[in-house]
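Welcome, and please take a moment to look over the model below before reading on. The notes after it are meant as a friendly first tour.

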Amino acid sequence: MRCCSQLAVAVVATVLLTSTWRGHELLRAAALGPNVFATADTSPQFRNAAKAAGLTARLENDATADKHLIETMTGGVAAFDYDNDGLVDVYFVNGAEQPSLEKTSPAFWNRLYRNRGNLEFEDVTEQAGVAGAGYGIGVAVADYDNDGHTDLFVAGVKRNVLYRNEGDGTFKDVTAKAGITSSVWSVAAGWFDYDNDGLLDLFVVNYVQWDPQTERFCGDRARNLRVYCHPKFYEGLPNTLYRNLGNGRFEDVSDRTGILSHVGKGMSVAFADYDEDGRTDVFVTNDGVPNFLFRNRGDSTFEEVALLAGVALPAHGRAVSSMGVDFRDYDNDGRPDIAVTALAGETFPLFRNEGAGTFQDVTYPSRVGAASVGRSGWANAFVDLDNDGWKDLFTANSHVNDLVDQFEASAYRQANSIFRNASGTFDDSSTRVGESFAATAAAHRGAAFADFNNDGRIDVVTTALGDAPELWENLGPAAHWLRLELEGTTSNRDGLGVRVQIGKQTNSMTTAVGYASSSKDGVHFGVGDRTTVDEVRIRWPSGVSQVLRNVKADAVVRVREATR
């Protein structure tokens, strides 16, 4: 029998205010309260609870002496409630045997762990039918058919899989029926409603043209040291956009939307309405070439504007090994900003949204630059780990080259990082959040973020090549919080693209977070020492706006989209 949720759940049945959304007038209205909620200056504390929780599946990349590039890339993870019991479950993507790229043994299975409560999980992979096929890399979760059950998309090496959640604890492979193809190497994906028709569309991030038969030698022949080749030796690929037709099928609209004409070396994707025009835009990190920012024109086409917006490259003008990404407001000015991870020596670029469609590189002014320059990052997220009203930055770290220490003063296995947000600048708190956190060096890749034990604090699950996962339980400090679970009526049912404002804080509903990973656990806010939130302002993709007043903190608030 499942453990009951510890959360107080507030079901909002009454529409307190509904109005048509017009531009950015609501977000730029008079101040709604203080910019930050006061708490003691105490770093959050974490412990690795993975083993005790039963999360033991090893990430198998089938590393070879030939150093095939795909071996460096797997490790996506998703956090979502697949059985709608109020407890967030975990899905891990896994590799396959080479050269067949088949899951020839259970060691290569993708794994679904069911949350039984009290941070205890059970492996339900076989029962659910999601062991997978092929060499998996990334995962994206969302309810694409609006039936109330979260579905799974797994991106991989020339084999993508779409699983429909049947609502009975099982999933069905509907890839072919849905019209999803698998001809290239896909790394990541994300769900969003680009045309605001209430149906979630699928953006697939493609990497490079790869053939194991033509893998070149990279490294030092004199010392017989072979390493993974730099992406400059591979031809890039355009990304893929599938439009949801609403009948269980998708149409490839990459060409007519303008996505197909831009060739990159895609690693991750994130979504936000950066220019506040009511339409969701797309940011794609590229490995060693300029990033993409696809501005949604509103006529079912996109314009690539990264260079003009100031996010194609860091301020120094050189492309970096952009890996993970999150697209969220970190400085509480109401505009979504962009955080990117990269390799040692490149820093973790941070782009602040200046409004008027432009960004500024604030990597060093924010103090992220100096703190990250010696690290290599993969997954990342802006998430309020101490519930003080400022989103902190988490990064999952490791170099891409397992022999990097033979060529430079860098470490392959690295501990993860937590950069605590102090009123818009960041302090490296990695050594102050728990002894085991700073001491756990591994080849980290994916990360997902959710409140797994329903105590109001965001926990983190990470993956690492050749290792079991880590589950970083957030132990506090105690501070108040609020989480919104959103249900669209004319908007998509998951509420992806919904924008929520509490005081000066803004956050958006998205499941595309970090590197090759996905997190679905509503929209979370830390509110510090406040026990009541005066106003919660909600803007839906349909244009409908709602305001909730005098909302009790330390609760999950379920909000259904109002009719106009």
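Predicted model: local features only at pLDDT ≥ 70, side-chain atom pairs only at ≥ 80, totals over all residues.

Residues are numbered from 1 along each chain as its sequence is written, and side-chain values use heavy atoms, with hydrogens and water left out.

**An open sheet**

Let us begin with four strands in the order β8-β9-β10-β11, which form an open sheet with antiparallel pairing. Its edges are β8 (136-142) and β11 (171-173), each of which pairs on one side only. On average, neighbouring strands here are turned by 25° against each other, direction ignored; such axes are lines fitted to C-alpha atoms, and angles run from 0 to 180 degrees between N-to-C directions. Strands are DSSP runs (E, at least two residues), as are helices (H or I, at least four), numbered from the N terminus. Two strands pair if DSSP finds at least two bridges between them. β8 and β9 (residues 151-156) are joined in the antiparallel sense by six bridges, and A142 stands opposite D151 in β9.

**The nonpolar cores**

A nonpolar core is a set of buried Ala, Val, Leu, Ile, Met, Phe, Trp, Tyr and Cys residues joined through side-chain atoms within 4.5 Å. Buried means under 20% relative accessible area, exposed over 50%, and partly exposed in between (1.4 Å probe, protein chains only). The largest core has 56 residues, and M73, W185, F203, V282, F449 and Y515 have the most contacts inside it. Several strands each supply at least two of its residues, including β12 (186-192), β13 (201-206) and β32 (444-450). Which strand gives the largest share of this core? That is β28, with four residues. A second, separate core of 38 residues includes I180, L202, Y242 and A553.

**Aromatic rings and charges**

Rings of Phe, Tyr and Trp (its six-membered ring) pair if their centres lie within 6.5 Å; planes under 30 degrees apart count as stacked, over 60 as edge-to-face and the rest as tilted. The count by this rule comes to 26 aromatic pairs. Here are two of these pairs.

| Pair | Centre distance | Plane angle | Type |
|---|---|---|---|
| F192 and Y194 | 6.1 Å | 40° | tilted |
| F437 and W472 | 5.0 Å | 65° | edge-to-face |

Because F437 lies in helix α7 (residues 435-439) and W472 in strand β34 (residues 470-474), their pair ties together parts that are 35 residues apart in sequence. F437 is buried, with a relative accessible area of 1%, and W472 is also buried, at 1%. F46, F394, F437, F449 and W472 form one aromatic cluster.

A charge sits over a ring if NZ of Lys or CZ of Arg is within 6 Å of the ring centre and within 35 degrees of the ring normal. R445 has its charged end over the ring of W378, 3.9 Å from the centre, and R223 lies over the face of F407, at 5.2 Å from the ring centre.

**A buried strand**

How many residues of β33 (residues 459-464) are buried? Six of its six are. D459, V461 and T463 point one way, while V460, T462 and A464 point the other.
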